[in-house]
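Hi,

Here is the structure I promised to pass on.

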Amino acid sequence: MPLNSPIQKQYFSISEVAQMFGVNASLLRFWEKEFKQIQPKTNARGKRSYRKKDIEVIRSIYVLVKEQGFTLEGAKKALTARKGASAEAGAAAKQIARETSKASNTPASKSLDEKSRKEAIERLTKLRAQLLTLRAEIK
């Protein structure tokens, strides 16, 4: 790492995160109780240290609640649906990667490669349709 490169913070205080979103620290503490996805580290004195992962979850909640007008229950459902959809998308991508690596490691005919390619396209098309449906439900 070069000596003159900027140091990027890994942890942020509750006041820094509150300032990022223009909200009170009390709102962040409330959201922390309501949404189990927000899990800042706390030291022995109880001082919260938010990681970038926590800030991304807070950003999602902020957009849903403050900008799109969701209720807290609606935001919880939307985040849960997103988590399920992203897990499903990840699993589909892993499956496709496995099939692709298997096909490339063995000398297979073109028809087999074409068949697995078509199957992958079909799966991705179905997944895209599901994601679009979720997107429409969230809006």
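**What I found**

Among contacts in the chain (heavy atoms within 4.5 Å) between residues at least 6 apart in sequence, 57% join residues at least 24 apart. Before you go further: this is a predicted model, where local features need pLDDT of at least 70 and side-chain atom pairs count only at pLDDT 80 or more, while totals for chains, interfaces and linings use all residues. Residues are numbered from 1 along each chain as its sequence is written, and side-chain values use heavy atoms, with hydrogens and water left out.

Now the overall layout. The chain has five helices and three strands, and from the N terminus on they come in the order β-α-α-β-β-α-α-α. Helices (H or I, at least four residues) and strands (E, at least two) are DSSP runs, numbered from the N terminus. Of the 139 residues, 22% count as buried, meaning under 20% relative accessible area with a 1.4 Å probe, protein chains only.

Next, the sheet. The three strands make an open sheet, ordered β1-β3-β2, with antiparallel pairing. β1 and β2 (41–42) sit at the edges with a single partner strand each, so one side of each has no neighbour in the sheet. Two strands pair if DSSP finds at least two bridges between them; β2 and β3 have two, in the antiparallel sense. T42 has R48 in β3 as its bridge partner.

Then look at helix α1 (residues 14–21), where I14, V17, A18 and F21 are buried. They span an arc of only 100 degrees around the axis, which puts them on the same side of α1; the arc is taken from the directions from the helix axis to the C-beta atoms. The cover over these buried residues includes β1 (12–13), α2, β3 (48–50) and α3. Just after α1, G22 has a positive phi of about 70 degrees.

Finally, how do α2 and α3 pack? Helix α2 (residues 25–34) and helix α3 (residues 52–67) meet at an angle of about 100 degrees, with axes 12 Å apart. Axes are lines fitted to C-alpha atoms, for helices over the stretch in contact, and angles run from 0 to 180 degrees between N-to-C directions. α2 and α3 are therefore roughly perpendicular, a label for angles of 65 to 115 degrees. L27, L28 and W31 of α2 touch I58, I61, Y62, V65 and K66 of α3. Seven of the residues in this contact are nonpolar, none polar and one charged. Here Ala, Val, Leu, Ile, Met, Phe, Trp, Tyr, Cys and Pro count as nonpolar, Asp, Glu, Lys and Arg as charged, and the others, Gly among them, as polar.

Cheers

Terms used
Angles under 35 degrees count as roughly parallel, over 145 as roughly antiparallel, 65 to 115 as roughly perpendicular and the rest as oblique. Buried means under 20% relative accessible area, exposed over 50%, partly exposed in between (1.4 Å probe, protein chains only).
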